[in-house]
Amino acid sequence: MSVRAKIRLYVEQSLGPGQSVPLSREQAHYLFGVMRQVVGGAVLLFNGRDGEWQAGIAEAGKRGGLLICEAQTAPLQMPPDLWLLFAPIKKTRTDFIVEKAAELGAARICPVQTAFTNAERIRQDRLQAHAVEAAEQCGGTFVPEVAGLQRLDTLLSDWPEDRHLIFADEALVGAKAALEAAPKADEWAILIGPEGGFDPSERARLHDLPFVTPISLGPRILRADTAAVAALTLFQATRGDWE
Ligand code: SAH
């Protein structure tokens with residue numbers, strides 16, 4: 001294989017030795033129009049399932065093109081089984097949370113409607129595209145799924161008991177982080193509230209649930225987007241894949 005390609009592209013097709021990957025109009029526009037790639041060049045492909053592959057450009061056109069997989073350059077690397085539950089906030093801050101969650105290794109991103117959440121709707125497809133773009137840029141071989149907006153109370157009623165929930169509770173500001181209080185588990189979730197924080201009855205319910213460990217994120221109240229990054233970092237460094 002020649003020099004390692006620099007452009008990374010997410011595709012939906014299966015990847016394997018000699019596998020041909022036809023390109024959509026948008027992908028062709030990006031590779032050949034924007035990135036000025038030509039026949040004979042190479043790109044890196046991943047689909048979230050088969051690891052990363054170097055592929056040669058066999059055909060390049062305005063409306064399409066063809067790539068041929070040459071060799072695997074990285075195996076699939078799964079993040080820990082960690083969901084990020086967060087209350088959607090303003091558009092750009094929500095985009096930021098999805099991007100950072102994909103970079104920091106969340107396995108699934110779940111927007112939740114809490115008592116004080118203002119958003120009624122989310123653009124799930126747009127958020128998913130942000131997760132794909134983040135994976136393309138950070139060298140990830142896995143793309144977290146962005147789930148549809150769900151009500152937190154329903155989600156808690158149907159909760160899979162083996163999944164341990166780390167609840168970032170702003171009422172604990174100034175306390176010790178205390179993630180070590182959480183039991184050993186293989187399945188995890190982190191919950192971050194909206195700018196308005198949690199409603200007292202919501203908080204009381206969360207504190208009572210057997211699968212929940214409330215934690216503090218330090219002596220200052222963080223904005224929801226900062227809190228998401230801080231909690232993911234804390235988790236990956238102590239229970240996740242940075243250990
Ligand atoms: N308006 C609220 C703060 C909400 S901050 C207040 O003034 O109390 C948004 C979310 O970030 C919170 O719901 C919580 O999940 C998380 N968060 C921010 N700072 C935190 C801290 N110091 N400890 C724990 N969680 C925090």
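User: What can side chains of opposite charge do when their charged atoms come close?

Analyst: Side chains of opposite charge can pair when their charged atoms come close. In this predicted model, 13 salt bridges are counted.

User: Which parts does the salt bridge between Asp95 and Arg126 tie together?

Analyst: The side chains of Asp95 and Arg126 form a salt bridge at 3.2 Å, N to O. Asp95 belongs to helix H2 (residues 91-103) and Arg126 to helix H3 (residues 124-138), so the pair joins parts 31 residues apart in sequence.

User: Is Asp95 buried or exposed?

Analyst: Buried means under 20% relative accessible area. Asp95 has 9% relative accessibility and therefore counts as buried, whereas Arg126, at 23%, counts as partly exposed.

User: With which residues does Arg203 form salt bridges?

Analyst: One partner of Arg203 is Asp169, with the closest N and O atoms 2.8 Å apart. Asp169 lies in the loop between strand E10 (163-168) and strand E11 (187-192), and Arg203 in helix H5 (residues 200-208), so this pair ties together parts 34 residues apart in sequence. Arg203 also meets Glu170 in a salt bridge of 2.8 Å, N to O. Asp169 is buried at 3% relative accessible area, Arg203 is buried at 17%, and Glu170 is partly exposed at 27%.

User: Which residues are linked in a network of salt bridges?

Analyst: Glu99, Lys100 and Glu103 are linked in such a network.

User: Where is Asp225, and what is Asp225 in contact with?

Analyst: Asp225 is in helix H6 (residues 224-238) and is buried, at 7% relative accessibility. Leaving aside neighbours within four places in sequence, Asp225 contacts Ile89, Arg93, Phe96 and Ile97.

Notes
Residues numbered from 1 in each chain as written. Predicted model: local features only at pLDDT ≥ 70, side-chain atom pairs only at ≥ 80, totals over all residues. Heavy atoms only, no water. Helix = DSSP H or I, 4+ residues; strand = E, 2+ residues; numbered from the N terminus. Buried < 20%, exposed > 50% of the residue type's maximum accessible area, 1.4 Å probe, protein only. Contact = heavy atoms within 4.5 Å. Salt bridge = Lys/Arg side-chain N within 4 Å of Asp/Glu carboxyl O.
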